Amino acid sequence: MGVMENIRSGASNPWMKAVFAAIVLVFVFWGVGGAGGPTNQVIAEVNGKRITDTDFQRLMRNISRSQGEAKSDEEQARLAQQAIEELIELEVLEQVAEDNGIEVSSDEIARYVLQIDGFKDSDGKFSEKLYGKNLKRMGLTQGRFEAQIRTQLTLQKLSEFAYTGVQVTEGQVRRTFMQSQTRIALKLVRIPDSNLIDDVTINDDLIAAYVESNEADIRARYEADFKRLYKQSRRAQLHQIVVKSEELDEGVDARTLIDELRTKALGGADFTELAAEYSHDISASNGGDVGIMAEEQMTPSVARAVFETKPGSVSEVVTTSDGLLLAKVDAIFPAETTEFDTVKVDIAKTITAEKQVGEVAQAYAERILTSWSAAGAPDADILLEQNVIALDTPSFPIAAPGFPGLSDSPELLKAIQVADQTGLIETIFPVPGGRLIAEITVLEVPSEADFEQDKAQIRKRMEALARNDWVAAWRADLVKRARVTQYWRP
């Protein structure tokens, strides 16, 4: 019996309607037709079987429909290589299915077709008319469409064949449940090495020798820090008044007001008093004092007005995104550059201290840990020595620690994931640029009853993930072991 006969005979069969009710047909590998004649060019060969340009072009059309046209030659080449690799994998899987006697019957294809909503009429029944109409609209013949379904179901059966032996143990389920449901809170002390740089003993004779033999390294540090430490742009010491239209009483014009304030300031009025009374900026409470600002901290229009103003005078009015701004320029400081020879000894001291600070920081951390262990809490006086503080985290699931800094220490994460009680963890954990000490202050463990209630659902989810991982690895291994020759590369 052919596929259409099976469809007609099974259209009213309730069992057939239920078999594939949850399956959605996805065209993973094949397109839906299109212009362009077939060619016989061979682009790859898998265990002696050829993949032609016809297959490739069909898949590229499908990729273009789903992902859009490539925006560059590089992206086009990437998509083309992806298409070739998919075709190679498909061919490998079809060969493996054939070798293992995996087949799909016409009856199975018919049951699949019966469940596709696009082929059902308003009463929810399969319509042969809609079937033919929709296939035509997609540019597919019935034979080609059913071949696609056969391929899809074959791959599904092959995957089921591959993961038959994949199992999840009771212990794995319990461990996953406990990690997802257990909550924990910590008291953390982070000790940055930079806090202890000044405690490193520096030998001047050794520094002089280091400068003599390592000038290239010192210059490299100077150049890396040049913009941040050794090149200072123009700066200005300022007071300012900002007038915002939305803050004024009805009928008061912002431009008129700030022009009046500028006239008063130029006439000798106290700028700080004007700012305190009229400015809408946060600096108004301090008489408009904004301190010293570098040129790059200002918007271009403000910087231009400020640096065109003589020290002791008042700038032109500037329109900004916050409102109208008037600045009193108290002082201008020119750009400065610190030359290498001026700071090379200081840089050498810093590099030397950085290399030695680890031992000093470790000794300090051990003092904190010892006193903490003895007293049951970190010693505030010891922490104060290096301006180190203790932080209490909120509780969080141990499977997904989100408190900042925890991800810096994989060893600490492992320790809290296996913890079975609260208390100080008697370990100093290294982190980038420092050390970390932790105490578990809260440990909320779910009950056995909670586990029994949730374990079936957790097992099901874990088995699905395990099967997906296994099948993906298995498919990749099949392709790796196949005899594949790619004749054309994009």
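Modeller: Asparagine 47 is partly exposed, with a relative accessible area of 31% (buried is under 20%, exposed over 50%, partly exposed in between, with a 1.4 Å probe and protein chains only). The model is predicted, so local features need pLDDT of at least 70 and side-chain atom pairs pLDDT 80 or more, while totals for chains, interfaces and linings use all residues. Residues are numbered from 1 along each chain as its sequence is written, and side-chain values use heavy atoms, without hydrogens or water.

Biologist: What is the phi of asparagine 47, and where does the residue lie?

Modeller: Most residues other than glycine have a negative phi. Asparagine 47 has a positive phi, near 50°, and is not a glycine. It sits in the loop between strand 1 (42-46) and strand 2 (49-52); helices (H or I, at least four residues) and strands (E, at least two) are DSSP runs numbered from the N terminus.

Biologist: Which value does phi take at asparagine 387, and is that residue buried or exposed?

Modeller: Phi of asparagine 387 is positive, about 55°, although the residue is not a glycine. Its place is the loop between helix 16 and strand 10 (390-392). Asparagine 387 is exposed, with a relative accessible area of 65%.

Biologist: Where is proline 378, and what is it in contact with?

Modeller: Proline 378 is in the loop between helix 15 (340-375) and helix 16 (380-385). With a relative accessible area of 17%, proline 378 is buried. Neighbours within four places in sequence aside, proline 378 is in contact with Lys187, Trp372, Leu383 and Ala390 (contact means heavy atoms within 4.5 Å). From glutamate 170, proline 378 is 208 residues away in sequence and 40 Å away in space, C-alpha to C-alpha.

Biologist: At what angle do helix 4 and helix 7 pack?

Modeller: Two packed helices are described by the angle between their axes and the distance between the axes. Helix 4 (residues 73-99) and helix 7 (residues 142-162) pack at about 70°, and their axes are 10 Å apart. That makes helix 4 roughly perpendicular to helix 7 (65 to 115 degrees; under 35 is roughly parallel, over 145 roughly antiparallel, the rest oblique). Axes are lines fitted to C-alpha atoms, for helices over the stretch in contact, with angles from 0 to 180 degrees between N-to-C directions. Leu90, Leu93, Glu94, Val96 and Ala97 of helix 4 meet Thr151, Thr154, Leu155 and Leu158 of helix 7.

Biologist: How far apart are the axes of helix 7 and helix 18?

Modeller: The axes of helix 7 and helix 18 (residues 448-481) are 9 Å apart, at an angle of about 105°. These two helices are therefore roughly perpendicular to each other. Helix 7 contributes Leu158, Ser159 and Ala162, and helix 18 contributes Trp470, Val471, Trp474 and Arg475.

Biologist: How many aromatic pairs does the structure hold?

Modeller: There are nine aromatic pairs (Phe, Tyr and Trp rings, the six-membered one for Trp, with centres within 6.5 Å; planes under 30 degrees apart are stacked, over 60 edge-to-face, the rest tilted). Tyrosine 131 and phenylalanine 145 have ring centres 6.0 Å apart and planes at 65°, so this pair is edge-to-face. The pair links distant parts of the chain, with tyrosine 131 in helix 6 (residues 128-137) and phenylalanine 145 in helix 7, 14 residues apart. Both tyrosine 131 and phenylalanine 145 are buried. Tyrosine 222 and tyrosine 230 are stacked, 4.9 Å centre to centre with 25° between the planes. Tyrosine 222 and tyrosine 230 are buried too.
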